[in-house]
Amino acid sequence: MFEVIPPRPAPAGVAGIGGWIRRNLFSSPANTLLTVVTGLFVGYVVIAVVAWALFDASWGQVWANQRLFAVYRYPADLLWRPMAVLAAMMALIGVMGGAGRSNEILRGLFWSLVGFVAVVTVIAILFWPSARVLWTGVLAASVVGYALGAARPALVRALPWAWAAWLFLGFFLLYGVTPGSGLLRIVPARDWGGFMLTLILFTGIVPSFPLGVALALGRRSKLPAIKYTCIAFIEIVRGAPLIMWLFVASLLLPLFLNTDPNNLPAILRAYVAITLFSAAYMAENVRGGLQSVPRGQTEAARALGLGGWLTTSLIVLPQALRAVIPAIVGQAIGLFKDTSLVFIVGLADFFRVTEIVANQPASLRVTGGVKLELYLFVALIYFFFAYRMSIASRQLEKQLGVGTR
Amino acid sequence: MPDTAPAAVRADAPTDGQPIIEIEGLNKWFGEFHVLRDISLSVNKGEVVVVIGPSGSGKSTLIRCINHLEEHQQGRIVVDGTELTDDVRNIDQVRRETGMVFQSFNLFPHLTVLENITLAPIRVRKWKKSKAEERARFFLDKVGIPEQALKFPGQLSGGQQQRVAIARALTMGPKVMLFDEPTSALDPEVIGEVLEVMVALAQEGMTMIVVTHEMGFAREVGDRVIFMDQGQIVEVGTPEHFFLAPREERTKAFLSKIL
Ligand SMILES: Nc1ncnc2c1ncn2[C@@H]1O[C@H](COP(=O)(O)OP(=O)(O)O)[C@@H](O)[C@H]1O
Ligand SMILES: [Mg+2]
């Protein structure tokens, strides 16, 4: 017979944080030196930044211009309109998050957004009497959406319609319907801006997806007219920087359409440029996926009697898209930041507002000006969203890699 | 390549049967390359024809012409009374009546076994989902893997995948089954389980054209064996003929390598 020996802790020096540090940071004299030098440098930078942020920086300008950052010159008494659109958006995302809560990625994305909204809501409750109700409403909408999605996962099937309705009604709510001064009065697009505009432009990724898929399929078409039109579009659009297409859209589009530029809001023109630009890149991503599907898949489908369209939509595309989801998320991250280029055609997106605030007399009165604070604030917001997407992309890659089926 | 080959051999089906596949004077080129030369072949209902020949001799191309995965340039191919022309309706018609099993299985990796099998019956034959699933389970049972219905192809062994592929083709209710080296990509120990399914199918009277070098299979259920070389049919006969008294030098040389 023998006795069970209870597990013993690993000898000191191997396990625990101490062990990890010793093994990874101080394993050799060279490594130790590197660790010390890097540590000193990082420590110095962190202390300097924190000290500056706490004692020298003047955050007053960020605080005082919160509305410019959020919506630019959108009228203060109509703020409930963009907030209602936001609340509806969060509710729909909530339904997705609730119905898909067994999926780590969907759940994580949802709670990150809710976390962001919750932080702003707390700030609003404490400091912004006028926005208390609105932000609490957005937070409530998110949670209600989540609860609905969790209780009735079948709601997901209605989501495409819900999103379409959201897009349509949302636009009218933002833009308004009546001239004059009522609750639903028109807010000219030149007054839209800030983070709201950045988000609006970012949604260009959504229509660019079906467009990109269509272009990628068109590029493989047997009909020369379609094939070469698609190739020409993709190559020409990718051949010039986005900034140029923004110019083209803002200067040439009104000429082509023979209208007064003021009748075609600058936002719409920029939106079209961003969407088409993104579609061309999307097409190339999707094409990569299409090429990764073995020929045998098409042959097996055709041999079973499936026609060309069914073969493409049921067999080839699902496999192709699965292969390029990470690339598409990467493209979304890029586009999110590239929307800042619209300043070049006179739009006041989130990034451009920073510049505007920095040039306000109030900013210039501060010795040395207020620039670093503003850019740091904007950078942090961009970083929060871009980094969150990048985490999701990595999780996605892992999930797709594990379940290769 | 100079045209040195002797005149092609015809591979006509016995006259006492009812022909379901008729190929007459078939020629096909890949660009300049003359891959099929003057193929004349007919197959009766319920016949099992085994096609053998060295790699690159055109065996795959020949059976892929029969369901128009490859387009031919000369000659006539008639399957169950439908001639393969450029008419898409004829092509679709023929594809509905012929099942094909590939060397590399070609299951759809993003669909479950059951979805793999029911996809075409639902979309092409317009069956109800319940009917398609019932038929699918019947054939899964028949190929001996009823318990794998809800798995994904990637979770199955090669032998199981190939049996799913056979069940997938059978569920469409084809009149003819085409097999292109169905066991060549399999580990030796699972070849038997696939051949067993094919033998059972042959014994039930399915019309089959099988490209394979499994001469045991040919001997057991093959009605005729066709030897191809350089795009031509070189010799035709019963399996016994090939085992006992092959006539052509090329046939002998080839058989000495595989037997
Ligand atoms: N799509 C194609 N394009 C050009 N040549 C091909 C193509 N498919 C097959 N071939 C050529 O045709 C010949 C016959 O091929 P195949 O029918 O696959 O032979 P087998 O199946 O007897 O090995 C080979 O030389 C092969 O290289
Ligand atoms: Mg072959």
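**Stop 1: a loop in chain A**

Select A:Y72: its relative accessibility is 12%, under the 20% cut-off, so A:Y72 counts as buried. Keep in mind that this is a predicted model. A:Y72 sits in the loop that runs between α4 (66–71) and α5 (80–99) of chain A. Now check the backbone. Phi of A:Y72 is near 65°, a positive value in a residue other than glycine. Most residues other than glycine have a negative phi.

**Stop 2: two loops in chain B**

Go to B:N106. The loop around B:N106 lies between β6 (98–101) and α3 (113–123) of chain B. Is B:N106 buried or exposed? B:N106 is buried, because its relative accessible area of 9% falls under 20%.

Next, select B:H68. Look for B:H68 in the loop between α1 (59–66) and β4 (74–79) of chain B. B:H68 has 12% relative accessibility and so counts as buried. Show its neighbours. Leaving out residues up to four places away in sequence, B:H68 touches B:L84, B:T85, B:I91 and B:R95.

**Stop 3: helix α10 of chain A**

Return to chain A and select residues 205–219, which form helix α10. The helix has 15 residues. From first C-alpha to last, α10 of chain A reaches 20 Å, close to the 21 Å expected at 1.5 Å a residue.

Colour the buried residues of α10(A): A:I205, A:S208, A:G212, A:V213, A:L215, A:A216, A:G218 and A:R219. An α-helix has 3.6 residues a turn, so residues three or four places apart point the same way. What do the buried residues of α10(A) pack against? Their partners are α9 (194–202), α11 (224–238), α13 (266–292) and α15 (308–338), in chain A.

**Stop 4: the second largest pocket**

Stay with α15 of chain A. This helix gives the most to the lining of the second largest pocket, with five residues. The volume of the second largest pocket is about 990 Å³. To centre the view, select A:R220, A:K222, A:T298, A:R302 and A:G308, the closest to the pocket's centre of the 23 lining residues.

Show both chains here. At least two lining residues each come from α14 (295–303) and α15 of chain A and from α2 (88–97) of chain B.

Terms used:
Residues numbered from 1 in each chain as written. Chains lettered and ligands numbered in written order. Predicted model: local features only at pLDDT ≥ 70, side-chain atom pairs only at ≥ 80, totals over all residues. Heavy atoms only, no water. Helix = DSSP H or I, 4+ residues; strand = E, 2+ residues; numbered from the N terminus. Expected span 1.5 Å × (residues − 1). Buried < 20%, exposed > 50% of the residue type's maximum accessible area, 1.4 Å probe, protein only. Contact = heavy atoms within 4.5 Å. 1 Å grid on protein atoms, 1.4 Å probe; cavity = no way out; pocket = protein on both sides within 12 Å on 5 of 7 lines; lining within 4 Å. Points joined across faces, edges and corners; volume = space filled by probe spheres on them.
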